[in-house]
Amino acid sequence: MVVTRRLQEDEFKACFAEPMTNVTATAEAAVDIWPYVEALDLDEIGLPYLNDVHYVYRDAQNRFDQVLIGTGRFNALLVIVVDLSRSSVFGHFLLDLNKEYGVSGGHLRSV
């Protein structure tokens, strides 16, 4: 049985060390994230479904990879945080770009 861990915002932000580097094209998988992802309760997270991996970012201290997975929610990404030193999933976080950056569905405005 895979144990999942929803990261609090402060825990998630502690996984950043600037500059974050896009390693999508070059990263070797430290761990298979898909058993973890399949163990998640999408209803509990508030997601209708998941898409593919969009990006992988690594922090400047080479501690964590953040695997960004597309979701069925506009401007929301599921981030799987991988602890590189332990080759294990540290946890997950729902990154809501609307909330984080004040982005809205502006492209849906009436004309």
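Arg 73 is partly exposed, with a relative accessible area of 31%, where buried stands for under 20% relative accessible area, exposed for over 50%, and partly exposed for the range in between (1.4 Å probe, protein chains only). The structure is a predicted model, in which local features need pLDDT of at least 70 and side-chain atom pairs count only at pLDDT 80 or more, while totals for chains, interfaces and linings use all residues. Residues are numbered from 1 along each chain as its sequence is written, and side-chain values use heavy atoms, with hydrogens and water left out.

The side chain of Arg 73 meets that of Asp 96 in a salt bridge, at 3.1 Å from N to O; a salt bridge is defined here as a side-chain nitrogen of Lys or Arg within 4 Å of a carboxyl oxygen of Asp or Glu. Because Asp 96 lies in strand S5 (residues 88–96) and Arg 73 in the loop between strand S3 (64–71) and strand S4 (76–83), the pair ties together parts that are 23 residues apart in sequence. Helices (H or I, at least four residues) and strands (E, at least two) are DSSP runs, numbered from the N terminus.

By this rule for salt bridges, the count comes to 6. Another of them joins Lys 13 and Glu 9, whose closest N and O atoms are 3.1 Å apart. Lys 13 and Glu 9 are 4 residues apart in helix H1 (residues 9–13), so about one helical turn separates them. Lys 13 counts as partly exposed at 41% relative accessibility, and Glu 9 is likewise partly exposed, with a relative accessible area of 35%. A salt bridge is also found between the side chains of Arg 5 and Glu 11, with an N to O distance of 2.3 Å. Arg 5 is partly exposed at 33% relative accessibility, and Glu 11 is partly exposed with a relative accessible area of 23%.

Arg 5 takes part in a further arrangement, in that its charged end sits over the ring of Phe 90, 4.7 Å from the ring centre. A charge is said to sit over a ring if NZ of Lys or CZ of Arg is within 6 Å of the ring centre and within 35 degrees of the ring normal. Phe 90 itself counts as partly exposed, at 27% relative accessibility.

Aromatic pairs were assigned to rings of Phe, Tyr and Trp (its six-membered ring) whose centres lie within 6.5 Å, with planes under 30 degrees apart counted as stacked, over 60 as edge-to-face and the rest as tilted. By this rule the count comes to 4 aromatic pairs. The rings of Phe 12 and Phe 93 have their centres 4.2 Å apart and their planes at 5°, so this pair is stacked. It links distant parts of the chain, with Phe 12 in helix H1 and Phe 93 in strand S5, 81 residues apart. Both Phe 12 and Phe 93 are buried. Phe 64 and Phe 90 form a tilted aromatic pair, with 5.5 Å from centre to centre and 50° between the planes. This pair, too, links distant parts of the chain, since Phe 64 belongs to strand S3 and Phe 90 to strand S5, 26 residues apart. Phe 64 counts as buried, at 10% relative accessibility. S4 and S5 pair in the antiparallel sense over 8 bridges, and the bridge partner of Val 81 in S5 is Gly 91. Within strand S2 (residues 50–58) is found His 54, which is partly exposed, with a relative accessible area of 39%. Not counting residues up to four places away in sequence, His 54 touches Thr 24, Leu 68, Ile 69, Gly 70 and Leu 77, a contact being heavy atoms within 4.5 Å.

For the protein as a whole, there are 4 helices and 5 strands, and from the N terminus on the elements run α-β-α-α-β-β-β-β-α. The radius of gyration is 14 Å, close to the 13 Å that the globule rule gives for 111 residues, so the protein is as compact as a globular protein of that length; the radius is taken over C-alpha atoms, and the globule rule is 2.2 Å times the number of residues to the power 0.38. Of the 111 residues, 33% count as buried.

How values were computed. Two strands pair if DSSP finds at least two bridges between them.
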